[in-house]
Amino acid sequence: MSGGCGRNPPPFPDDEDQERAELDTQVLDSDEDDEDDEGEDIFTGARSKAITPTSAPDEGDIFSEEGSYVRSDVHHTTNGLHSDEELDLFTEATVELTLTNTTSQGRREIIGPTVSACNTTHVPNSILKPSIVTKTMEELKEEESGDQFELNIAVTNPEKIGDGMNAYMSYKVSTQTTLPMFLNKTFSVRRRFSDFLGLYEKISAKHSLVVGKEFLMLTLVGKEDSSSAEFVEKRRAALERYLQRVVAHPSLLQDPDVREFLERDELPRAVNTQALSGPGLLKMINRVSDAVNKMTIKINESDNWFESKLQEVENEEQLLRRLHAAVDSLVNHRKELCSNTVVFSKSVAMLGSVEENSALSRALSQLAEVEDKMEQLHQQQAFSDFFILAELLADYVRLLGAVRCCFEQRMKVWQRLQEAQSTLQKKREAEAKLLWANKPEKLQQAKDDINEWESKVSQYERDFERVTCTVRKEVLRFEKEKARDFKQHIVKYLESLLHTQHRLVKCWEAFLPEAKAIA
Amino acid sequence: SFFPPKLFKRQTLCDMIPLVHSVSVDLNNDASLVIDIPDALCERDKVKFTVHTKTTLSSFQKPEYSVQRQHEDFIWLHDTIVETEEYAGLIIPPAPPKPDFEGPREKMHKLGEGESSMTKEEYAKMKQELEAEYLAVFKKTVQVHEVFLQRLSSHPMFRKDRNFQIFLEYDQDLTVRRKNAKEMFGGFFKNMVKSADEVLISGVKEVDEFFEQEKNFLLDYSSKIKDATAKAEKMTRSHKNVADDYNHISGALNNIAADNNTAFKNMCVLQKVEDRMASDQELKLTELLRYYTRDIQAAKDLLYRRARALADYENSNKALDKARLKGKDVAQAEENQKQCLQKFDKLSESGKKELTSFKARRVVAFRKNLIEMTELEIKHAKNSVSLLQGSIEVLKSN
């Protein structure tokens, strides 16, 4: 399913491409409503499970407590849809048209040109006016039905298998889905790190213009102490995000390799990945960010959508880098605050123990306990800072690099077209020369050459249009996904902060009478 | 220079952080001598405090004064009081610490270096934050100098001190007078106290139950409160770093206000989240601990002086015995012994009173400060809660 629009315009505009990952935040909310009324942060729950790797929460828990990724194709803007609704994806082919933008964000006209541009495969870079397309979208909206399907993925239960040199960490990959293409509704398999790498290797060649397949675990290769609980948790979370991103992409989800990864009990050991581990892997991943800086080709285009979009992407990447650095600093400082708070708490307890006034002494030891609780809150907050915010930003810096890669690929295709056109021109000139020099025996060859190159030019033109269409669609899909992702994470982060502040209020309110009791 | 001469009016300072004399209570209650520091001028390092006095005491020539004083003038006043024999039995209010702008100044320097790597808005915001921090340091130093004077004015003995009056009245620069005074006293009492006190206090054979207890308590408490102060300072510095990081995040997000990028617009919410005030509340506790570390030291100094007086008395006894044995200078030795005893008794009596009221004062101050800090923490956390709830709601409804 790569490449989007194919050579022959499909009967329905983009029917295969309509499986967009729409995250309905409202559905997410309804999951969250089931949670503890105390306002326990999803993540706090997740954290306590992950740090004790041997604990085995049952299936249900995984999906209510882990930040489960809900992917649903939503047809209604008002949405109280639940996961147990049946949907036969493939009978709803026409309805799938409505899948784009049927969330409340759906009215953005950005999506519009994507759809239509792909219909007109022979018009390079044509952008239909947004107004036309929006109307089309509105029409489609009227055909909504109320079905949706869902796919949740969680990566849990890191377990060390084996001993010594051959020991490795195995992760449980659990899937919960109503998608009919899977054999079961709920299933899980165990995978190791190299399996994930193997998956990446398999799909990366097939989906060169897809953003989101990228294996982003740059920091998790080799450097850190691979046995620490923190490292394992970072890796687990990163692997989970990776899979969630993969299944969020309609093309990738359809890929049999992806389905095999999720479903098949025993995967053949990915041998190539041994070569990919360590420096090899790093090099491959870094290729993404290195290559793109050398883009100097300017494409002569009637509209500068691509040029300005690329600029936007580059700016955004810079901004995210800065933000990530700031959040990184925040994580470290908060950890420092934790340790300083603990130390202070002990000191206050000591002070309280020598205090001669008994009420003040008691208040001081209570204060020490409050500070201890503070430390726990700071600890949890640092966790949220990192896993909700920092990792999000780090991922997107690299994903934006991958987007630039798509642009680069398009440029390469353009370049090939240019070269072919130039060659064709030369061939024509050569033919002209031959005619003028009156050398009929070579003329046939020249004519053959011209035919060959005309055909190539034609092919490359189509390629270029196709790639243009695909890249544009992909960029727009990605942007939408990014906006949704960011929003989801920001909300989660704010909720973590909210939770902390609630607890703070409780702690201090409990302390107040102690302070007042001093006499 | 980043910090051009600034005149800070009390009103401005009041706006920043509520002015509460939590470290010491019951000051400035007596209308016969009311002192405050309404404003101060800051030039680079030097701070010039305006000391304002209103009095009905006849010992003063005028009913109202306004004079300019530097930190060194306060130190001079403190030292002369320490070295006055008459006050040996009193707890002498600790000298205010030197104004320390090193923290904000260093940060301002770093900001200057990093200016090229941030946008104008970001730079402006950070500069604003730093100026506020600078102002907070400034406000604290004014407060601490003010409290020192008010402790003196509210004490029956100190308020009558001649040098105190000069400090309040003299309308010229005190620098010249300070120099002369230094030559006279040489500051040797102070130096002696620093080197000998722990050993002497713990070495003395104590007959009085009260002072025995006091000694044990003060020695132990002194080290613990010093430790707690240091740890509190470290903790509030960390908290400040966290707040600064949020400022950086806000600063970076400010850039994208013009952008049409929904994702980032959502993140802008983070700007409102971490307030600088969060660390200010902890500062209260740190200030309290810091102040009482100094006050405990002043109490220990009193014990030291008494211990020295006791040692003198014991020596005078020995000298008397020796004199009696030799049969020489007995009358002189007797007189000396009598005086030593008198001094010791006077110190003991006055010391007991001072230490007792100090206990009470300390407990009251801790109570007041802990309550205020807790109430502020609760208030701030509740504000944050409603802010965050509002932001979450807005995001979810979009």
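Analyst: Helices (H or I, at least four residues) and strands (E, at least two) are DSSP runs, numbered from the N terminus. The model is predicted, with local features requiring pLDDT of at least 70 and side-chain atom pairs pLDDT 80 or more, while totals for chains, interfaces and linings use all residues. Residues are numbered from 1 along each chain, chains are lettered from A and ligands numbered from 1 in the order written, and side-chain values use heavy atoms, without hydrogens or water.

Strand β2 of chain A, residues 150-161, contains A:N157. The phi of A:N157 is near 55 degrees, a positive value in a residue other than glycine. A:N157 has 8% relative accessibility and therefore counts as buried (under 20%; exposed is over 50%, partly exposed in between; 1.4 Å probe, protein chains only).

A positive phi, about 50 degrees, also occurs at B:D329, which is not a glycine. B:D329 lies in the loop that separates α11 (277-326) from α12 (330-397) of chain B. Chain B has 12 helices and 4 strands in its secondary structure, and 52% of its 398 residues count as buried.

Within chain B, the axes (lines fitted to C-alpha atoms over the stretch in contact; angles from 0 to 180 degrees between N-to-C directions) of α2 (residues 71-82) and α5 (residues 162-169) come within 9 Å and cross at roughly 165 degrees. The two helices are therefore roughly antiparallel (over 145 degrees; under 35 is roughly parallel, 65 to 115 roughly perpendicular, the rest oblique). In their contact (heavy atoms within 4.5 Å), α2(B) contributes B:D73, B:F74, B:W76, B:L77 and B:T80, and α5(B) contributes B:N163, B:F164 and B:F167.
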